[in-house]
Amino acid sequence: MVFSSVIFLFYFLPSLFLLYFLIPAKWLSWRNFALLIWSLFFYAYGEPTHIIVMLASVVINYFLGLAIEQERERTGKYYVTFLAITINLGLLIYYKYAAFLVGSWFSLLGTSGTLPNIALPIGISFYTFQGLSYLLDVRSGKADAQRNLLDLMLYIAFFSQLIAGPIVRYDIFAWQVRKRQESGDLFASGVRRFIIGLAKKIILANTLGALGDEILRKPAGSLVTATAWIGLLAYSMQIYFDFSGYSDMAIGLGRMFGFTFPENFNYPYISRSITEFWRRWHISLSTWFRDYVYIPLGGNYVSIGRNIFNVMLVWVLTGAWHGASWNFVLWGSYFGILLLMEKYVWGRFLSHLRRPFQTIYMLFLVMMGWTMFYTTDLSALSGLLRNLFGIATPFWNKQTVYYLYQYGLVLLLSILACIPWQEILSSSYQKRIDLNLQRWLSHAADLALLLLLVVSTVYLIRSNYNPFIYFRF
């Protein structure tokens, strides 16, 4: 089940609201139990068998957390911690990478054989990292081991962030399970955020995804340069609005039930460098690798050679996290190299450029990275790059004009939606607008969101195209 579906919007969510808010607020434990039961159903609806994997992971981590807390008191002992890391990563490697590793081994040896047919449990990358966050926070002393199995299960299985994040750190979630403050204002804020995310996903991401797929799946010989760039632009916008929209919905749903989750996207396409881009894109994943891999390896407080190794290791792992395919490893390595180049080679020069040139630089390199993310076949990647750079390819044709005519408006709207207009306008005009006008504008914005919800629902009901890119991760 996904948020952008009829069954979620019209059946799952209303029934949960009815039960949850019928339970008195003072009975928070029972409200948590209702959230847990509905979350398990949410996952089981799409993964009736693999829910056992997720539940087993929770139960194992529950006992490992208790053991790690005892081990923490014995200085220098890490046996249980290593066991915990091995079990969690072993589970992820088995389900996500076994077939890839066996296939790569066959290729290396120049032989063939039967690849293991292992179905990938939905969301395993996300809930594995959340489980590791819990165990490592207990080990470091940032959190105590959870004594209530159901509370730990709610942390891992909460439907709002179970399938595709954001990856919520345990120390952020733990206190909210028992002490969160629910309010009408927070609920309304969550509804607004959910509607914005739904519109991003349904109206922008789905429309642009159809365009990107139609163009980028064409044989390289049939694409002209301008059309290839339209396809790449559409895909670049799709992956942003697809995932940021889902994150907005997750954050909004959390607020409806009193939880405050950290931001996962912060207008990344206005960044002025690749370094800034990764501080704004998929923030929960970037900070997870920073706090649990990069800093334990020494962070910035090591020699240049060791730092280069640390950065490349983190980014190879980041790429591999996204999928069991060499194109993701290439994609991660590409960004690792760019980050190192900005740090040690051209970062100072870049900082002296005017902002428009900095953003153009960032967008070009990010879009080149998306070509590696989209194409799993390296020969297809080579063909796409030849099209993009006009190598033995005409610049445009009638098909280019057709795509601009049909999709020009939604492409323009998507570009405008990448800019933080609310921050710009509020900083410029808030002090000049009187209180009554501010209230009127607030009501007008709510009416606009209501209209956006209606339009999104119509799009959802009428369209059969509703992919979710990060579902496979």
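Reader: Is Trp-278 buried or exposed, and what is its relative accessible area?
Author: This is a predicted model, in which local features need pLDDT of at least 70, side-chain atom pairs count only at pLDDT 80 or more, and totals for chains, interfaces and linings use all residues. Residues are numbered from 1 along each chain as its sequence is written, and side-chain values use heavy atoms, with hydrogens and water left out. Buried means under 20% relative accessible area, exposed over 50%, and partly exposed in between (1.4 Å probe, protein chains only). Trp-278 therefore counts as buried, its relative accessible area being 6%.

Reader: How many aromatic pairs are there?
Author: Rings of Phe, Tyr and Trp (its six-membered ring) pair if their centres lie within 6.5 Å; planes under 30 degrees apart count as stacked, over 60 as edge-to-face and the rest as tilted. By this rule the count is 68 aromatic pairs.

Reader: Which distant parts of the chain does the pair of Phe-3 and Phe-42 link?
Author: Phe-3 and Phe-42 form a tilted pair, with 5.9 Å centre to centre and 35° between the planes. The two residues are 39 residues apart. Helices (H or I, at least four residues) and strands (E, at least two) are DSSP runs, numbered from the N terminus. On that basis, the pair links the segment before α1 (6-22), where Phe-3 lies, with Phe-42 in helix α2 (residues 28-46).

Reader: What is the angle between the planes of Phe-277 and Trp-278?
Author: Phe-277 is buried because its relative accessibility is 0%. With Trp-278, Phe-277 forms an edge-to-face pair at 5.3 Å centre to centre, and the angle between the planes is 90°.

Reader: Which helix supplies the largest share of the nonpolar patch?
Author: Like charges are joined within 9 Å, and nonpolar side chains (Val, Leu, Ile, Met, Phe, Trp, Tyr) within 5 Å. α18 (398-417) and α19 (421-429) each supply at least two residues of this patch. The largest share, four residues, comes from α18.

Reader: Is Leu-409 buried or exposed?
Author: Leu-409 lies in helix α18 and is a member of the nonpolar patch on the surface. Because its relative accessibility is 60%, Leu-409 counts as exposed.

Reader: How many helices and strands does the protein chain have?
Author: Of the 473 residues of the protein chain, 51% count as buried. The secondary structure comes to 20 helices and zero strands.

Terms used: Patch = residues over 30% accessible without salt bridge, like charges linked within 9 Å, V, L, I, M, F, W, Y side chains within 5 Å. Areas by Shrake-Rupley, 256 points an atom, 1.4 Å probe, with all protein chains shown as cover. Salt bridge = Lys/Arg side-chain N within 4 Å of Asp/Glu carboxyl O.
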